[in-house]
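Please brief me on the fold, the salt bridges and the surface charge of the model shown here.

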Amino acid sequence: MTNTTTALAVFFVYWMIVVLLEKRGILAKYNISTYGPILMIRTLRGQGLLNWLARPRNFWKKFADAGIILMFVGMFAMLLVVIVSDIALLSSLTTDSMPEPSSFNEARNIFLIPGVNEFIPLTWGIIALVVTLVVHELAHAVLCRAEDIRVKSMGLLVAIVPIGGFAEPDEDELFGEEEVDEEGNILGRVNPKATQKQRARILAAGVMSNFIVALIAFALLFGPVMGAIAPVGNALVMDVQNGSSAANAGIEGGMIITGINDVQISNVSELIAYTDTLANGSIVTVYASKDRIVEPYEVTVIQTADEIKTGIAINDIVDESPAEAVGLEAGMVILEIDGNPTETPDDFVSYMNTTTAGQEIELLIRTTTSDEPVSYRITLAAHPNPENEKGFLGIFYAPDGIRQTPLGITVGEYPAKEYLELLKSIPSMLTGIAGWIIIFGLPIVGFAGEGFPGFTGALTQLYQPVGWAEPLGVGIFWIANSLLWIGWLNFYVGLFNCMPAVPLDGGHVFRDYLQKFIGGIVRDTEKAKGLSSSIAAGFTILIIMSFAFMIFGPYLVHGF
């Protein structure tokens, strides 16, 4: 059974339980409403806490005023992103260069729900989502009380896991009482207690709180937390020869070589330079790190005159790429391409630059399961960048290739130090648009499409806690991952809520300010209200259609 099938089965069972509990009146007994499979869990508790938090009213009003300004900045930025994306997709239709469907187009990845969105890890995602929802809705509630607007209840929206939160203000006080005709049709809302300024403050408070939490989380992550993380080394063990002295000593793939005898090793070049000086048959002590614990291993040096083919190691595979289609995997090594040796990345790049989409190439691969190289024939795809006409394979590779050593192991260079420095430099990039784009897509796209979901998996082998974080051990990685996802999710949710689409916070604020602007021109309140509502509805439809186009456009061109 696939993960998707299992998830659907669990969700179906959950929904049936919800239906059963609702029919028996158990949910209503605990003030829980249902909207299909979604539970709306309300509580009347916390009113005293809200009143206490709202006491510094002038502070909260200034806080929300700043939020209104940021909301309009975010509104412009998100609207620009939507328009640019639409133009790019429409242009690709005319040039027959529409990108093929990928995980980025899947509807489930539009929603920021851990366990549904494949890019958001379940544990860190749930932590980040709960923090995001609590600060957003709590800010709405506190500003309601600061502006003397009643809060009827607070609570969570749950569908197995929390998917939203809410503070339920008195809508009659905030937006006005519903006006209905003789047939019971709702005509609109009239006579709100809250002024347009008060309503804008209440709505902008949630966005402002998300941005503040994102700022704090990122400041801690890129500051003291990453400052307490250091690379173990760059010399990564890619493979260990069966039956070799290194294998017998216990050295494994994925370890980091930190030293040989009394010589400290920080990269592959230093390792190769030192091992070339070792006498055949001599025994050396290799220091290798596993799970950030460095241990010594006694290894016999075996110098050989035979020519050993080196190549470039595959670090990762692009989803739904030609490489994935033929079964290439991380850990494999590319030895040749169409008979041409690929001893360095430059060899590989130089040849790939001569290829075109649809061209068939042959790769000679050293796999992790066979002693003999295996040949793969692959038809290259069109490059994701429409301006790049070369063929696309879809791999990420080790930047300095891999090297065979007389220790019975092959090693590859992973730029752990450089990658960490690049992450630390992100705050300094925020003076330009590139830095904000990197932050916006960091966990999903990263710097070059690889994504940075945090210090997880093999990446944790390359780094260790230092300084104040040393006693924490792997705990520093848990802190870093939590801060990464709390910061990113708050930043993303804040921006998303800025969009001028009702019922998002930005949609309501946009409509109110537009009504005020139009009212100052036409001098007719009802006409201004109707025009602003129509324009806001138009923007809402535009944004919904744009998202639909982003999701389904590639499928309409290339098929489902």
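**Overall picture**

Among contacts (heavy atoms within 4.5 Å) between residues at least 6 apart in sequence, 65% join residues at least 24 apart. This is a predicted model, in which local features need pLDDT of at least 70, side-chain atom pairs count only at pLDDT 80 or more, and totals for chains, interfaces and linings use all residues. Residues are numbered from 1 along each chain as its sequence is written, and side-chain values use heavy atoms, with hydrogens and water left out.

**Fold and burial**

- The protein has 17 helices and 23 strands; these are DSSP runs (helices H or I, at least four residues; strands E, at least two), numbered from the N terminus.
- Along the principal axes, the C-alpha atoms fill a box of roughly 95 × 55 × 55 Å.
- Of the 560 residues, 45% are buried; buried means under 20% relative accessible area, exposed over 50%, and partly exposed in between (1.4 Å probe, protein chains only).
- In helix H14 (residues 433–441), the buried residues are Gly435, Ile438, Ile439 and Gly441.
- These buried residues of H14 pack against helix H7 (196–227), helix H13 (426–429) and helix H15 (475–498).

**Salt bridges**

- A salt bridge is a side-chain nitrogen of Lys or Arg within 4 Å of a carboxyl oxygen of Asp or Glu, and by this rule the count comes to 10.
- Glu147 and Arg201 form a salt bridge at 3.1 Å, N to O. The pair links distant parts of the chain, with Glu147 in the loop between helix H5 (122–146) and strand S3 (151–159) and Arg201 in helix H7, 54 residues apart.
- Arg199 and Asp512 meet in a salt bridge at 2.7 Å, N to O. This pair also links distant parts of the chain, since Arg199 is in helix H7 and Asp512 in helix H16 (residues 505–522), 313 residues apart.
- Both Arg199 and Asp512 are buried.
- Asp170 forms a salt bridge with Arg150, with the closest N and O atoms 3.0 Å apart.
- Asp170 counts as buried because its relative accessibility is 10%, whereas Arg150, at 42%, counts as partly exposed.

**Surface charge**

- Glu100, Asp316, Asp319, Glu320 and Glu324 form a negative surface patch. Patch residues have over 30% relative accessible area and no salt bridge, with like charges joined within 9 Å and nonpolar side chains (Val, Leu, Ile, Met, Phe, Trp, Tyr) within 5 Å; Asp and Glu count as negative, Lys and Arg as positive, and His and the chain ends are not counted.
- Glu320 lies in the loop between strand S13 (312–317) and helix H10 (322–326), and counts as partly exposed because its relative accessibility is 46%.

Note on methods
Accessible areas come from the Shrake-Rupley method with a 1.4 Å probe; for residues, only the protein chains shown count as cover. The place of a charge is taken as NZ of Lys, CZ of Arg, CG of Asp or CD of Glu.
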